[in-house]
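Please look over the structure below before reading the notes.

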Amino acid sequence: MKFCTYAACTKPRVNRSDLCAQHHTRRTRYGHPAAGALAPSDLRVIAPHVRFLLKPQGPLARSPRLDAQLVALALDTVDRIVIQPGHRPLPPRVNRRDARYLLAIGLHRLQHPRYTRPPLNPRGQPTLKSQPLGAHEALVVVLTAWCAATIPGAITRPLRLPGPLPRFPDERSVAMLLGGAVLARRQHVGARMSGLPRWELGKRLAEELAPMAAYVATLVVARMKLQAERKLARISQQQTPIVPTTNTTAPTQTTRLRLAL
Ligand SMILES: [Zn+2]
């Protein structure tokens, strides 16, 4: 029996892979054997930038935003791939592991929320998750996940390792991430989604939205850098310089010495 080749893992290899089942799945989904899903805190930083860029440009706006025509085309694409299939009746089940059938279920659930207890926000109102997923929200989810995965220095929180790890996104892991991000907004609680429909949906989204996503990622990086610079400038303005007033080190040293003696 051969063992998993990742670090000190002692589990047997799976099928033809050089890794065990867990590390193999992680490499397929996240691009590295030890990587995990993106942390919600990473997505929360990027999502406001994406929402800002998607808004129409006003006459007084100084920061550049995305072209309205480009946004309209992207919304059409997302509507065709994610929203419309959810309104169609479910196809007959031929094979339990058929990616297209599993994807059809996932997309159907996004448009037909069913909850015994709908999720509520702190004020007690139903959240966005209890409403059918719209094209705009889906586009924000896709672009945010894409930026988080491909921005240089993006990190992931691994499951059983102490620190964060850099991401190593390849084509497949980005597609898995995009499909997963959209389907994770699924409405039916307790339903588990396998990797097949994620890959199927992510592949389609990546094919059609790749040029736009690369452009958005560049703009988001620029905005984040500018934000960090402004923050630093503000801190340096507010900070009062530290001026040494009296020399307090000498007496304490002598008292300590006396006490030790
Ligand atoms: Zn392993």
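1. V182 is in contact with V82, A138, V141, V142 and L201, its neighbours within four places in sequence being left aside. Two residues count as in contact if their C-beta atoms, placed from the backbone, lie within 7 Å.

2. The model is a predicted one, in which local features need pLDDT of at least 70 and side-chain atom pairs count only at pLDDT 80 or more, while totals for chains, interfaces and linings use all residues. Residue numbers start from 1 along each chain as its sequence is written.

3. V182 is also listed, with V142, A145, W146, C147, L178 and V216, as having the most contacts inside the largest nonpolar core, which has 43 residues. Such a core is a set of buried Ala, Val, Leu, Ile, Met, Phe, Trp, Tyr and Cys residues joined through C-beta atoms within 7 Å. Two or more residues of this core come from each of α2 (40-54), α3 (68-87), α4 (99-111), α5 (135-150), α6 (171-183) and α7 (195-238).

4. The protein has eight helices and two strands, arranged along the sequence as α-α-α-α-α-β-β-α-α-α. Helices (H or I, at least four residues) and strands (E, at least two) are DSSP runs, numbered from the N terminus.

5. Of the 261 residues, 27% are buried. A residue is buried if 20 or more other C-beta atoms lie within 10 Å of its own, exposed if 12 or fewer, and partly exposed in between, with C-beta atoms placed from the backbone. In helix α1 (residues 21-30), the buried residues include H23, R26, R27, R29 and Y30. G31 follows α1 and has a positive phi, near 90°.

6. How do α3 and α7 pack? Their angle is about 175° and their axes are 11 Å apart; axes are lines fitted to C-alpha atoms, for helices over the stretch in contact, and angles run from 0 to 180 degrees between N-to-C directions. That makes α3 roughly antiparallel to α7, a term for angles over 145 degrees. L70, A74, T77 and I81 of α3 make the contact with R204, L205, E208, L209 and M212 of α7.

7. α2 also packs against α7, at an angle of about 115° and with the axes 10 Å apart. Here I46, H49, V50 and L53 in α2 meet V216, L219, V220, R223 and M224 in α7.

Technical notes: Angles under 35 degrees count as roughly parallel, over 145 as roughly antiparallel, 65 to 115 as roughly perpendicular and the rest as oblique.
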